[in-house]
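Subject: Structure for your files, with notes

Hello,

Here is the structure we talked about handing over. Please keep the notes below together with it.

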Amino acid sequence: MINRDRLKKLHKKEEARFLARTLKSRERFKAAKDVMPGGVPMSWMAKWPGAYPLFVASAKGAHFVDVDGNEYIDLCLGDTGSMTGHSPAPTVKAIEEQLSRGITAMLPTDDAVLVSSELARRFGLPLWQFTVSATDANRHAIRYSRLITGKSKIIVIDRCYHGSVDETFATLDGSGKTVSREGNIGAPVPLDETTRVIEFNDLAGMESALKPGDVAAILMEPAMTNVGIVAPEDGYLVAVGELAKKYGAVWIIDETHTISVGPGGMTKDLGLKPDILTIGKAIGGGIPTGTFGMTREIAGEIAKRTSREVIDTGGIGGTLAGNALSLAAMRATLIEVLTEANFKKMIALGNRWCDGVDAAIREFGLPWYCNRLGARGEYLFQAKAARTGGEAAAAGDFELEQYIHLRLLNDGFLLTPFHNMALMSPDTTEADVDAHSKAFREMCKELVG
Ligand SMILES: Cc1ncc(COP(=O)(O)O)c(C=O)c1O
């Protein structure tokens, strides 16, 4: 359907456009390459479309300005880290107040109780521990699961992403065997020693992976969000929870991205009962943080096995975890920014964004599908929703994606670099969304020729 020669020509045009409008970013990048591998402070930042990443001068709400003075509507929002909008006023105020009262002391502050209570209210799990990132929360949830079950294996879903946790970076090879995923660097052991991978929405596969009785935990997102959006089929998640119970495995739900559906994520919306829930990114309004909540039963089992004498090695560690600054940021973000009212607005905008994308897909007869997840939307280069991560991955089209991202960037829109995902913040406006719909339509029109 897409003429590849035409696509190459269009891409060349956008490359030239990018170079002409980002001269100062180009200068900054030249200097950056001398002091950082790939010229970026963190490897993912090398993945942006264009010859180099934009350097940001300032960001506020749903917008940012690059060092050349170009303005953008930010639909990536720090890949959910700034789902609150950049520098939300209540979070900034709480951070400013806390900065002059001490940043970290490795002692609890009142905010720890407030934040834990709020998380318990939202997600239904009574007890909470804090980490520095969602990655850490997942790693510790897995460690505790192994501790209390005495079992070694974990189950993850094919094409999942839970941060840089070695044993979750597995995939299925063509024959159904668990292998290390491309790009997984430095895994300490072959991944089939630690992990079983199964497809999303596959209950029979889940049960056979649990049957040997050696599984400590199932770690999953309630809807997949890192290979496009893949929704759970009716009853799937509840059935997974029941299987986990039947085979004595801990059920860990990662709500880091799926909080886009509402204040209590899909766990609250669907009345799920995980043993452990992990989350990070948005809940700190951009300040690094992560957390995991657990049932009293899980906490009791952990307590039985972690004596005070060895708590520094057996506990979650991370010296800066639970620091006063991130707890102050979380308190303000949860209570004043990621509110019920703001979610209502963000979800309406998410639907509006998807409506705009759907309209262009229909008008130009493109074989693409736009999936919705509350304040989040994403289109996939196949005509129907994917049922599994494997199916979504197979619909990937790197060349096309690179073009679309660069074209929209030049038009003033930043999409998440790894896929065609857009996220709405409380500061995003209908005008922002409509501007995207217009630009997206123009792009599709030119693409089909
Ligand atoms: C579902 C999910 N869990 C965990 C993480 C890890 O978050 P962080 O990089 O903040 O540790 C991510 C990051 O994209 C994620 O998408």
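First, the basis. This is a predicted model, in which local features need pLDDT of at least 70 and side-chain atom pairs count only at pLDDT 80 or more, while totals for chains, interfaces and linings use all residues. Residues are numbered from 1 along each chain as its sequence is written, and side-chain values use heavy atoms, with hydrogens and water left out.

Salt bridges

The search of the whole structure gave 29 salt bridges (a side-chain nitrogen of Lys or Arg within 4 Å of a carboxyl oxygen of Asp or Glu).

Arg331 and Asp111 form a salt bridge through their side chains, at 2.8 Å from N to O. The pair links distant parts of the chain, with Arg331 in helix 11 (residues 324-337) and Asp111 in helix 4 (residues 110-123), 220 residues apart. Helices (H or I, at least four residues) and strands (E, at least two) are DSSP runs, numbered from the N terminus. Both Arg331 and Asp111 are buried; here buried means under 20% relative accessible area, exposed over 50%, and partly exposed in between, with a 1.4 Å probe and protein chains only.

The side chains of Arg387 and Glu233 also meet in a salt bridge, with an N to O distance of 2.5 Å. Arg387 lies in the loop between strand 14 (376-380) and helix 13 (389-394), and Glu233 in the loop between strand 9 (215-220) and helix 7 (236-246), so this pair ties together parts that are 154 residues apart in sequence. Arg387 counts as partly exposed, at 39% relative accessibility, and Glu233 counts as partly exposed at 35%. Leaving aside neighbours within four places in sequence, Arg387 is in contact (heavy atoms within 4.5 Å) with Phe200, Asn201, Val230 and Glu233. The C-alpha atoms of Arg387 and Thr319 are separated by 41 Å, and the two residues are 68 apart along the chain.

Arg407 is buried, with a relative accessible area of 7%, whereas Asp411 counts as partly exposed at 28% relative accessibility. Salt bridges that share partners join Lys13, Glu14, Arg17, Arg407, Asp411 and Glu446 into one network.

Helix 3 and its cover

Helix 3 (residues 89-99) has Thr91, Ala94, Ile95 and Gln98 as its buried residues. They cover an arc of only 100° around the axis, which puts them on the same side of helix 3; the arc is that of the directions from the helix axis to the C-beta atoms. An α-helix has 3.6 residues a turn, so residues three or four places apart point the same way. Ala89, Lys93 and Glu96 are exposed on the other side of helix 3.

The cover over the buried residues of helix 3 includes helix 4 and helix 11. Ala329 sits in helix 11 and counts as buried, at 0% relative accessibility. Apart from neighbours within four places in sequence, the contacts of Ala329 are Thr91, Ile95, Ile283, Gly284 and Ile287. Ala329 and Ser208 are 121 residues apart in sequence and 43 Å apart in space, C-alpha to C-alpha.

Ligand site

Which residues come nearest to the ligand? Of the 14 residues around the ligand, they are Thr135, Asn226, Asp254, His257 and Lys281, where near means that a heavy atom of the residue lies within 4 Å. Helix 5 (residues 134-149) gives the largest share of the shell around the ligand, 3 residues.

The protein covers 89% of the 390 Å² of accessible area that the ligand has on its own; accessible areas come from the Shrake-Rupley method with a 1.4 Å probe.

One more residue

Thr258 is in the loop between strand 10 (250-254) and helix 8 (265-269). At 0% relative accessibility, Thr258 counts as buried. Neighbours within four places in sequence aside, Thr258 is in contact with Pro222, Ala223, Thr225, Gly265, Met266 and Leu373.

Regards
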